[in-house]
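Visitor: I have not seen this structure before. Could you show me how to read it, one feature at a time?

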Amino acid sequence: MAEPSETRERPTRAYVIHPDLGNSRTRRSPELALEEAVALAHALPAIEVAGAEVARLRNPDPGMLFSKGKREEIGQHLKAAAEGEGAELVLIDGPVTPVQQRNLEKEWGVKILDRTGLILEIFADRAQTREGVLQVELAALAYQRTRLVRAWTHLERQRGGLGFVGGPGETQIEADRRAIDEQVVRLRRQLERVVKTRELHRKARAKVPYPIVALVGYTNAGKSTLFNKLTGAEVLAQDQLFATLDPTMRQMVLPGGRRVILSDTVGFISDLPHELVAAFRATLEEVLAADLILHVRDISHPETEEQAGDVGEILDSLGVEEDVPLIEVWNKIDALSPETRAALRRTDARTEGVQAISALSGEGLDDLLAAVEARLAEALDEPRREAELVLPHSDGRRRAWLHEQGVVAAEEVAEEGVRLRLRWTDRQRAAFEGL
């Protein structure tokens, strides 16, 4: 009898191509962009990278993307990379129209997947929560709907009637588009129910006036490692793009005693498909509700500035207010030379809103926590107002809450109850009234 390992499906052999358009809009090095595309391919266990190259394009062909000479050259590379086993998939690190996809598949005899399709596949593989799964399905349907022209080459075939009455029936593409639209409606209804549940959780958290500190950053910048280090959680942290998708929240106590909720969010990436930005907007609402944002950057990456620009653009597209306090966390200084690391620590000491750290070794974390505490105090500490309150002797829960918040200046046990003299903020008072 065959061993289980012998029955496993072998990985799909893929060839990765980064089209270099050479225009001024492209901020990034084509070689590093190809490296990231290969890393994206490696993020799917079902894919084995057989080869990769940068394909320089001066004038993209509307119907084939690549010129005739370049197509022939890539075809030869595909054969060389196949090594007799056959390359079954070409990953093109950029947008590919349905017509280009169909034509290239016909010419090369392999399946074509563009950057958006690959990222959707990764998200579908990684989503764990019900909400995450629904959001990925919605994004995939939005993507699929635009590519029905590729899926059906028999559009002359009609269905929807026997042809005895009236004109031609419904085309296959129209029926499929309608089926997708109906599925989208069903998914949105399911998602609305999930989102309502999450909103109830958020309202429950709002009654406990702990500020929210959200971690954002380019994928693989070290957010989850930092999250684990600060909270003692065990969120998956791997040297892999999109290792974690679903947001995680944990309570933590800052050195000065202030309790906060730390939120780890999905990593961003350049050219993140707009279908995914739209689908994950609900998940990323935690960022919109944040009192402080920690933008975690891999400062050792050669394109850290470009990655920071991509994160900034996505935050803008999400509608994050400019006045929300933000600290840039320059992570992975342990990967730098001692001289560069020392220079960065000197820079962060002189620069407001910047903290150089290593989430792996813990270097700089004390300074980061102090900076978080200072920025929250600056942003949130409202003037405290004095008030008097009498609670029934039986209301131990709310009395304990007031003591936990540190707002009780004095208390006296009286016949009618416990008389409390308070110094609290409007935010704390509103939270107390909601208990």
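Visitor: In which helix is Arg193 found?

Guide: This is a predicted model, and in it Arg193 sits in helix α7.

Visitor: Which residues gather in a patch of negative charge?

Guide: Asp316, Glu321, Glu322 and Asp323 form that patch on the surface. Take Glu322 as one of them: it lies in the loop between α11 (304-318) and β11 (326-331). Its relative accessible area is 81%, so Glu322 is exposed.

Visitor: Now the other end of the scale. Is Ile17 buried or exposed?

Guide: Under 20% relative accessible area counts as buried. Ile17 has 0%, so it is buried. Its place is in strand β1, residues 12-20.

Visitor: With which residues is Ile17 in contact, leaving aside its neighbours within four places in sequence?

Guide: A list of this kind shows what packs against a residue from elsewhere in the chain. With those neighbours left aside, Ile17 is in contact with Leu34, Glu53, Ala55, Phe66, Ile74, Val90, Leu91, Ile92, Asp93 and Trp108.

Visitor: What separates the C-alpha atoms of Ile17 and Val38?

Guide: The two C-alpha atoms are 8.9 Å apart, while the residues are 21 apart along the chain.

Visitor: Why does Arg375 count as buried?

Guide: The cut-off for buried is under 20%. Arg375 counts as buried because its relative accessibility is 18%. Arg375 belongs to helix α13, residues 365-380. Beyond its neighbours within four places in sequence, Arg375 contacts Leu292, Pro325, Leu326, Ile327 and Gly353.

Visitor: How many helices and strands does the protein have?

Guide: There are 15 helices and 15 strands.

Visitor: What share of the residues counts as buried?

Guide: The share is 46% of the 435 residues. As for the accessible surface, it comes to about 22,700 Å², and 49% of that belongs to carbon and sulfur atoms.

Visitor: Among contacts between residues at least 6 apart in sequence, what share joins residues at least 24 apart?

Guide: For this protein, 70% of those contacts do.

Technical notes. Residues numbered from 1 in each chain as written. Predicted model: local features only at pLDDT ≥ 70, side-chain atom pairs only at ≥ 80, totals over all residues. Heavy atoms only, no water. Helix = DSSP H or I, 4+ residues; strand = E, 2+ residues; numbered from the N terminus. Buried < 20%, exposed > 50% of the residue type's maximum accessible area, 1.4 Å probe, protein only. Contact = heavy atoms within 4.5 Å. Areas by Shrake-Rupley, 256 points an atom, 1.4 Å probe, with all protein chains shown as cover. Patch = residues over 30% accessible without salt bridge, like charges linked within 9 Å, V, L, I, M, F, W, Y side chains within 5 Å. Salt bridge = Lys/Arg side-chain N within 4 Å of Asp/Glu carboxyl O. Lys, Arg positive; Asp, Glu negative; His and termini not counted. Charge placed at Lys NZ, Arg CZ, Asp CG, Glu CD.
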